[in-house]
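Hi,

Here is the structure I promised to pass on. Have a look at the sequence and the model first, and then read my notes below.

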Amino acid sequence: LEGKNPNYAYFYGQTLEKLGEKERAIRAYQLSIEQNPEMLSLNATSALVRLLMSEGKFKEAHKVVSEFHSSAENAKGYLN
């Protein structure tokens with residue numbers, strides 16, 4: 001169900017992250033964001049950015065934050 005429901009994908013990502021499956025967790029967080037494009041996905045986006053940064057993927061993390069900020073006017077106040 002990870003690819004069919006943004007909430008399940010987010011919680012699946014959390015589970016994978018706790019199990020040390022970081023690459024799979026990154027993909028689950030990305031799926032959560034992709035599955036719910038009309039809503040600001042602050043939890044999944046912040047988890048994804050945090051995980052990318054912990055893996056040293058700073059450019060990817062910056063890209064995610066930039067895309068989040070451009071997604072809606074009220075998004076600019078988050079993840080600064």
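Let me start with one lysine: Lys22 counts as partly exposed because its relative accessibility is 34%, where buried means under 20% relative accessible area, exposed over 50% and partly exposed in between (1.4 Å probe, protein chains only).

Some housekeeping before the rest. This is a predicted model, in which local features need pLDDT of at least 70 and side-chain atom pairs count only at pLDDT 80 or more, while totals for chains, interfaces and linings use all residues. Residues are numbered from 1 along each chain as its sequence is written, and side-chain values use heavy atoms, with hydrogens and water left out.

Salt bridges

Lys22 meets the side chain of Glu55 in a salt bridge (3.3 Å, N to O); the term stands for a side-chain nitrogen of Lys or Arg within 4 Å of a carboxyl oxygen of Asp or Glu. This pair links distant parts of the chain, with Lys22 in helix α2 and Glu55 in the loop between α3 and α4, 33 residues apart. Helices here are DSSP runs (H or I, at least four residues), numbered from the N terminus. Glu55 is partly exposed as well, at a relative accessible area of 33%.

A search of the whole structure finds five salt bridges. Another one joins Glu17 and Arg50, whose closest N and O atoms are 2.5 Å apart. That pair also links distant parts of the chain: Glu17 sits in helix α1 and Arg50 in helix α3, 33 residues apart. Glu17 counts as buried because its relative accessibility is 18%, whereas Arg50 is partly exposed with a relative accessible area of 44%.

Glu34 and Arg27 form a salt bridge too, with 3.4 Å between the closest N and O atoms. Glu34 is partly exposed at a relative accessible area of 47%, and Arg27 counts as partly exposed at 38% relative accessibility.

Helix α2 has 14 residues and reaches 20 Å from its first C-alpha to its last, close to the 20 Å expected at 1.5 Å a residue. The expected span is 1.5 Å times one less than the number of residues in the helix. Its buried residues are Ala25, Ile26, Ala28, Tyr29, Leu31 and Ser32. If you look at the spacing in that list, remember that an α-helix has 3.6 residues a turn, so residues three or four places apart point the same way. The buried residues of α2 pack against α1 (6-18) and α3 (42-54), with contact meaning heavy atoms within 4.5 Å.

Helix α3 has 13 residues and spans 18 Å from its first C-alpha to its last, close to the 18 Å expected at 1.5 Å a residue. Ala44, Thr45, Ala47, Leu48, Val49, Leu51 and Leu52 are the buried residues of α3, and they pack against α1, α2 and α4. After α3 comes Gly56, with a positive phi near 80°.

Where does Ser32 lie? It is in helix α2 (residues 22-35), and it counts as buried because its relative accessibility is 3%. Leaving aside residues up to four places away in sequence, Ser32 touches Pro6, Ala9, Tyr10, Ser41 and Ala44.

Ser32 also lines the second largest pocket, along with residues including Pro6, Tyr10, Met39 and Ala44. A pocket, on a 1 Å grid over the protein atoms alone, is an open set of points where a 1.4 Å probe fits, with protein on both sides within 12 Å along at least five of seven lines; lining residues have an atom within 4 Å of a point. About 170 Å³ of space lies in this second largest pocket, a volume being the space filled by probe spheres set on grid points joined across faces, edges and corners. Helix α1 gives the most to its lining, with four residues. By class, that lining has seven nonpolar, five polar and no charged residues; Ala, Val, Leu, Ile, Met, Phe, Trp, Tyr, Cys and Pro count as nonpolar, Asp, Glu, Lys and Arg as charged, and the others, Gly among them, as polar.

The largest pocket holds about 390 Å³ of space. Of its 17 lining residues, Ile33, Leu48, Val64, Glu67 and Phe68 are the closest to its centre. Its lining has eight nonpolar, five polar and four charged residues, and α4 supplies the largest share, six residues.

Cheers

Technical notes
Helix = DSSP H or I, 4+ residues; strand = E, 2+ residues; numbered from the N terminus.
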